[in-house]
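Hi,

Here is the structure I promised to pass on.

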Amino acid sequence: MKQILRTPVRRRPVTVAVIAALGALTATTVLADPMLTVKLFRDSDVMFRDSDMSRWSENYVELGAGYNSQNSLRFGQFTGLTDKGGFPLAGFNWLSRNEANDAQYWLVHGSNLGFDSRKIQVQGGVQGQWNASLSFEGLKKSQTESAQFYHNGLGTSNLTLRGATAVNPTAINTALLQPFEIQHGRDIYRIGLNALVNKEWDFKINYREDRRDGTRMTGVATTFIAGRGQAMIVPYQIDDKTQQIEAVLAYTATDAQFQIGYHYSRFENALDKFDVQNPYSNAAGNLNQRLSLAPDNDYHQVNATGVYRFSKTTRLNATYSYGIARQNQAFLPYSVNGTTAATSTTAGLPRSSLDGKVVNTLFDVALTSKPLDKMNLKVGFQYRDSDNRTPIARYAYVSRDLNSATVCAPGAATGSCIRSNAPVSTTEKRLVVDGDYEIAPKTLLRASLDHSDKKYTLADRTDTQTDKLTVELRKPVADDFLGSLGYVYTQRRGSSYDKNVYFRNTYTDPAFQGATGLTNNPSMRQFMWADFDENRIRASGSWAINETLNLQGVAETYKQKMRGPNCGQFANPLEQVAVTGGAMSSSTCLGRDTADGNSLSVDLQYQPEENLTTFAFANVSQTGVKQIGRTWSAANASGGLDTKNWYGDILNRDQTLGFGLKWQPEEKWDLGGTYVFNHSVGKSGISQAASGAPGPVIAASTPVPDTWNKLHTLQLFAKWDYSKQISWRFNYLYENLKSYDWALTDVGATSNTAVLFTGQQAPRYSNHVFGVSAVVKHF
Amino acid sequence: MKKIIETSRTLLATLAMMLTMGLSISATAQTVAKDDAAPTRSRAESGETKPCIECHEGFYAITKTKHGVKGDSRTPAATGKSITGDPEDAMCGTCHGDLTEHNKRPRVPGLVPITFGKKSPAAPQNESCLTCHQAGARIHWQGSKHEQTKQSCASCHRVHAPKDPVLIAETQASVCFDCHKDRRAEMHRLSNHPTRAGFFACSSCHASHGSTAQRASLQKNSVNETCYQCHAQFRGPFLWEHRAAQDDCTNCHSPHGTNVAPMLKARLPYLCEQCHQTTNHSNTAYSGASIAPTSTTALRVLGNSCVNCHSKVHGSNHPSGARLQR
């Protein structure tokens, strides 16, 4: 059995030092809470005094141990509890506030210190004058241990082949595949200072730094030669950091508030490229492939918000925000292989770096008032501009480092190897009118109208207008039953489409262009900019059946239908002539046709005794998209562009059920448990016309299997107060995940001639975790 | 299909059981004695006062909170005046209004000027809180989604608790789930942010007191600006942009959780084909015949599907990355 290599995720020196120092005192988790997961319910109002917030309000040190029954990266994907075996449990909380109820205080808190994902916080100051805080949060993201690779240098940004090249993956020596765990970590450091200058003025500044390292997987396109391998999936190295500063100066008075802030964010990648050798032999004989990695970039933003209160019920709120996003990292060469014909273009880079710049401006003003005793009104206007000032230039297109692309210089007038970048800018003006009126005691009628006018440059269309109408009625159906019913209608309309814009910077099949004179399929609509009509209905109810029993429900349904305009109806008659079959109707848009969804949630909370609370919830939801496609090929080119020849009916159905209880049988014992079951099914229904005969007759094609997953989570937790100072905590967690995904399940690393997969399987695990810890408190 | 039907039946049966349980319990619980309407012994005439703690002991945890710090001149504990002589009662009237009449006749309903909770109108509750808390994160409260839906501060916050659950990452979600029930279910889907593990609170993205974002009360001015707080590697500006990504991350991703990693709204290649219906392979009907591991189309369907080659879906800065492959 091969040893599975692990991504070398660095432990930061500061982290190690802090953990080592605290480790002497403590080790981890869990008061009367579930282990490793958040609480699913908040305690009901009638028992909030019993709410166990002791982890954050009592002084304690917790020390214990746990045991995890199985190795699984997926099980511990966020907690870091990925290995079978024992682990420490450690945590602490220490709040100091002197007995005279002075405003001075300090707090130290640590949780999950036995895991890779953990938190430590230190805070202190004089309440009402200043406070400072320092925190660390480590977070793991583990993906899979089932992937294997054909390269050396796993975990670095330079992968070399472990064996000889092959024609395609099926010819690769599988004995040389190396298992490797894919995971990365994120360490977050925060420093904050908040100072009250005087009664009206206060200032705060926060610094946050995120450091990531480890690996993720990426696809790499290699050759484009029939019969040869064309792509591979490999791990690439992550080593970057993001720094953020947020500074705010605020003025607060009774009738006016004002604040001005500065936000700075900088992303810095220690790596600018990822080199990987091509496992496939090829005519050019070159091995090297190179991907660009996320470029360094920064963002500066100034925000100012002012509020003025004209009267007790009328306020004017205005915000101005101005931000600049910049990116100017040096370009990589077109190709790293100097011997290929395509690399003659390297001399022709139009510029050495992008000098990308986007200026974001926001102006938001809102007037809120209460013109009548029973009426509330809001009128708001927003101007939002995203001005992309990135220089436009013409770049040679060399599809892959190994391709022998047609040689052409960036200055050439036309040609399939020339691409021009097309930075999109948008400007939006939005008006919102929202009001509600109490038509009867506790019965509220609310209505709002939201109009948005958006303009685009270098996009498929120049403008869109979106209108959203909302009507909602909230009414007590009975003494203890409050119900609501809401309806939302949204529609978007806009200008005609420019059929030649979208793919200006990509590729157009010469046969397509020759037949139509177009660079884009005129029936295609990108759904985020396309016209649509949407209807949405939402109903909810909350029934306090009695003092011990509460039932709540929410149901929602929506349907979105995409519209034209002028799918296939060409503004230019010359285009019309170019298309066999003539004009198309507006119902033949390609891409997303409809989107719909339904959801029903029910919650029940029941407290039969003061020392026993039970709860249950259920959710059923379904989302679906119907889409229309048209396969373009020489075989059906004569059929006319408007003829759709396949339908997709993509559906996801989820059912989630959970219940639990919290019980204090006697003063010293606090018991609880939760169980959640989630079952999801994904369906991909594809129907298709007979090959080569596009037309209205749609036949069922070979069905795509359903994907599914089932997750069971059982938590049992108990706390026993041995004495006033010492408590024992007992936790048990069982989690079982089974899933099937045809894109992964039973797909071997070398089973396909075109792409070197990884052998990664759909996640499944079954883990039992036990934890026992002692809590020493009230010191 | 059979399994789905069976599961649905199980679910319906459970719901029916829950409902039946609720109704039966409702009937029995009607007998729970209430003494609110019992005759009261008024202290009004004698002028006798009684410390609030005698009836409201459980609420005195507030003295351990920030509101109870007398050394901070802004707090109710520092500014309030006790009507009972007990200094601990000073803060009660700051938020609840003049409690003199209530103290004299404690069992007469309606004598507490401001009460907090679901059974009281939100506006007076919020006005009481906003007297001190109208700046900072609350500066956009008026006209915000939660304000429009008549949520009171007490709908989420528990000022008497020694620690407010909504202010702590590990317990915050349980408060939000009170209303946003579908989010609790979505948290259990296959691909997620680490909210369930307690490392990514709802407030990491959402500003529950209102904001300038177009929707969803986000922490920043837009969806993408909010996402870039943690995912600045996708901010660009890139030489070659993927317009769906530049427009709005939620065109493809559903951040509360989905069953398609990484939090995608639909499976590839079908998600991509909702826009990409052009030439070559981006408009092909990938049916069951396409997904055999040995098929010639597996390159575009299995593994990462379209992203096997077009791996730079968030944008590329490679001079030849026009098709988001490099």
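The cavity search comes to 13 cavities of 30 Å³ or more. Keep in mind as you read that this is a predicted model.

The largest cavity holds about 320 Å³ of space. It is lined by 21 residues, and those closest to its centre are A:Phe75, A:Gln77, A:Glu735, A:Tyr765 and B:Arg196. As for what the lining is made of, ten of its residues are nonpolar, seven are polar and four are charged. Strand E33 (707-721) and E34 of chain A each put at least two residues into that lining. The largest share, three residues, comes from E34(A).

**Then the salt bridges**

Over all chains, the whole structure has 43 salt bridges.

Let's start inside chain A. The side chains of A:Arg536 and A:Glu556 form a salt bridge, with 2.9 Å from N to O. The two residues are 20 apart in the chain: A:Arg536 belongs to strand E26 (residues 532-546) and A:Glu556 to strand E27 (residues 549-562), so the pair links distant parts of chain A.

The next one crosses between chains. B:Arg189 and A:Asp654 meet through their side chains in a salt bridge of 3.3 Å, N to O. On the chain B side, B:Arg189 lies in the loop between helix H9 (181-186) and helix H10 (223-227), while A:Asp654 is in strand E30 (residues 646-663) of chain A. Both B:Arg189 and A:Asp654 are buried.

Why do I call A:Asp741 buried? Because its relative accessibility is 17%, and buried means under 20%. B:Arg267 has a relative accessibility of 9%, so this residue counts as buried too.

One last item takes us back to A:Arg536. Salt bridges with shared partners tie A:Glu534, A:Arg536, A:Arg538 and A:Glu556 into one network.

Over to you, and happy browsing!

Methods
Residues are numbered from 1 along each chain as its sequence is written. Chains are lettered from A and ligands numbered from 1 in the order in which they are written. This is a predicted model: local features need pLDDT of at least 70, side-chain atom pairs count only at pLDDT 80 or more; totals for chains, interfaces and linings use all residues. Side-chain values use heavy atoms; hydrogens and water are left out. A salt bridge is a side-chain nitrogen of Lys or Arg within 4 Å of a carboxyl oxygen of Asp or Glu. Helices (H or I, at least four residues) and strands (E, at least two) are DSSP runs, numbered from the N terminus. Buried means under 20% relative accessible area, exposed over 50%, partly exposed in between (1.4 Å probe, protein chains only). On a 1 Å grid over the protein atoms alone, a cavity is a set of points where a 1.4 Å probe fits but cannot get out, and a pocket is an open set with protein on both sides within 12 Å along at least five of seven lines; lining residues have an atom within 4 Å of a point. Grid points are joined across faces, edges and corners, and a volume is the space filled by probe spheres set on the points. Ala, Val, Leu, Ile, Met, Phe, Trp, Tyr, Cys and Pro count as nonpolar, Asp, Glu, Lys and Arg as charged, and the others, Gly among them, as polar.
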